Amino acid sequence: MRKLPNLNALRAFDAAARQGSFARAADELGVSHAAVSRHVRNLETELGIALFERHARHVVLTGEGSLFARTVADSLSALEIDTGRLRRGVGRRTVVLDVESDLATRWLMPLLTNAALNDLDVHLDIRVRPDPPRAVLGDADLALTWGAAQCTGFRTELFLDFEGFPVAAPALIDNGPASDDPAFFLRYRLIHERGIYWWRRCFDALGLSLDDAAGHLYFNRSHLCIDAAMRGAGLAIGDNVICDEALRAGALVRLPGPALTSRERYFMLVPDTRQVSRPVRRVRDWLIAQAGRYDRR
């Protein structure tokens, strides 16, 4: 018979380890501070070691506690993932796809045509989030992330690389100065995502200064920058992935300027198990085929 600690005690320990506080762990779990403290104390007694150093307003993992916390976190994550899959059933047709929001909005949505969905013959459940995940939801089958994410129960595969470049709505620049003159970029508002990084790189390559730009507009998501550019609000830094549909439709044009590469790429998280259902394999293969239209470096 397996001799394992109490599951509630492990959950309390895991929450306290992540939160650094019994009180915050109690809030997360919806129990009392005393219950978390009791569970951790009983676990320490059972193991015969101190897992935390107690302080007035917080707790700190001991060396042994830190090692045990990683084991417990990985085990609980694996249990959550497999539980979600079993609840849906391996042979069922629903596939849960966890996707970064910019990629979902500007790249994935145009691909979800009626014909494509009919060919896939699965029930897609798409979950969108704004940032790279620290952990994938327990019932997710696949995930597309910006930047490599190490999540328990999944292996990481390179999915999409991209090349950035300046873009604008044709109507905005049709009657403006010649776009092959670097000074062209100083005549228009610059649209930024989360700061000036991409435009600073572009202006440095062109020998221009951002201080001389006509104006600035900031958003915290790439797809909002692209939408604003399509509406003629200014010039944006797009790329061959999230601007693909807009460029092909003529809603945006690529401007003369430097090609901008990034250290980050899009990655796919695939279940790290041999028991991947046929619907999940079908969606994975379809996504890879769509990504194959782009240069994968």
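**Reading helix packing and local features in a predicted model**

Modeller: H223 is found in helix α9, which covers residues 222-230, and since this is a predicted model, what follows describes that model.

Colleague: Is H223 buried or exposed, and which residues does H223 touch?

Modeller: H223 counts as buried because its relative accessibility is 14%, and the cut-off for that class is under 20%. Leaving aside residues up to four places away in sequence, H223 touches S101, D102, T105 and R106.

Colleague: What does the chain contain as a whole, and what percentage of its residues count as buried?

Modeller: The chain has 11 helices and 12 strands, and of its 297 residues 42% count as buried.

Colleague: How should I read the packing of two helices, and what is the case for α2 and α3?

Modeller: Two packed helices are described by the angle between their axes and by the distance between those axes. Helix α2 (residues 22-29) packs with helix α3 (residues 33-47) at an angle of about 110 degrees, the axes being 8 Å apart. With that angle, α2 is roughly perpendicular to α3. On the α2 side the contact is made by F22, A23, A25, A26 and L29, and on the α3 side by H33, V36, S37 and V40; by class, the residues of this contact divide into 7 nonpolar, 2 polar and no charged.

Colleague: At what angle do α1 and α3 pack, and which residues meet there?

Modeller: Helix α1 (residues 7-19) and α3 pack at an angle of about 110 degrees, with their axes 8 Å apart, which makes α1 roughly perpendicular to α3. Here N8, A9, L10, A12 and F13 in α1 meet V36, H39, V40 and L43 in α3, and the residues of the contact of α1 with α3 comprise 7 nonpolar, 2 polar and no charged. V36 and V40 of α3 take part in the contact with α2 and also in the contact with α1.

Colleague: How can the length of α11 be checked, and where on the helix do its buried residues fall?

Modeller: Helix α11 (residues 278-291) has 14 residues, which at 1.5 Å a residue should span 20 Å, and the separation of its end C-alpha atoms, 20 Å, agrees. The buried residues of α11 are P279, V280, V283, W286, L287, Q290 and A291. Viewed down the axis of α11, these buried residues fall within an arc of 135 degrees, so they line one face of the helix.

Colleague: Which residues other than glycine have a positive phi, and where do they lie?

Modeller: One of them is D121, whose phi is about 55 degrees although D121 is not a glycine; D121 lies in the loop between α6 (114-120) and β4 (123-129) and is partly exposed, with a relative accessible area of 41%. Another is R194, with a positive phi near 55 degrees, placed in the loop between β8 (189-193) and α8 (197-206).

Colleague: Where is G215 found, and what surrounds it?

Modeller: G215 is found in strand β9 (residues 215-219) and is buried, its relative accessible area being 16%. Not counting residues up to four places away in sequence, G215 touches Y188, R189 and L190. The C-alpha atoms of G215 and G234 are separated by 8.8 Å, although the two residues stand 19 residues apart along the chain.

Terms used. Residues are numbered from 1 along each chain as its sequence is written. This is a predicted model: local features need pLDDT of at least 70, side-chain atom pairs count only at pLDDT 80 or more; totals for chains, interfaces and linings use all residues. Side-chain values use heavy atoms; hydrogens and water are left out. Axes are lines fitted to C-alpha atoms, for helices over the stretch in contact, and angles run from 0 to 180 degrees between N-to-C directions. Helices (H or I, at least four residues) and strands (E, at least two) are DSSP runs, numbered from the N terminus. Angles under 35 degrees count as roughly parallel, over 145 as roughly antiparallel, 65 to 115 as roughly perpendicular and the rest as oblique. Contact means heavy atoms within 4.5 Å. Ala, Val, Leu, Ile, Met, Phe, Trp, Tyr, Cys and Pro count as nonpolar, Asp, Glu, Lys and Arg as charged, and the others, Gly among them, as polar. The expected span of a helix is 1.5 Å times one less than its number of residues. Buried means under 20% relative accessible area, exposed over 50%, partly exposed in between (1.4 Å probe, protein chains only). The arc is that of the directions from the helix axis to the C-beta atoms.
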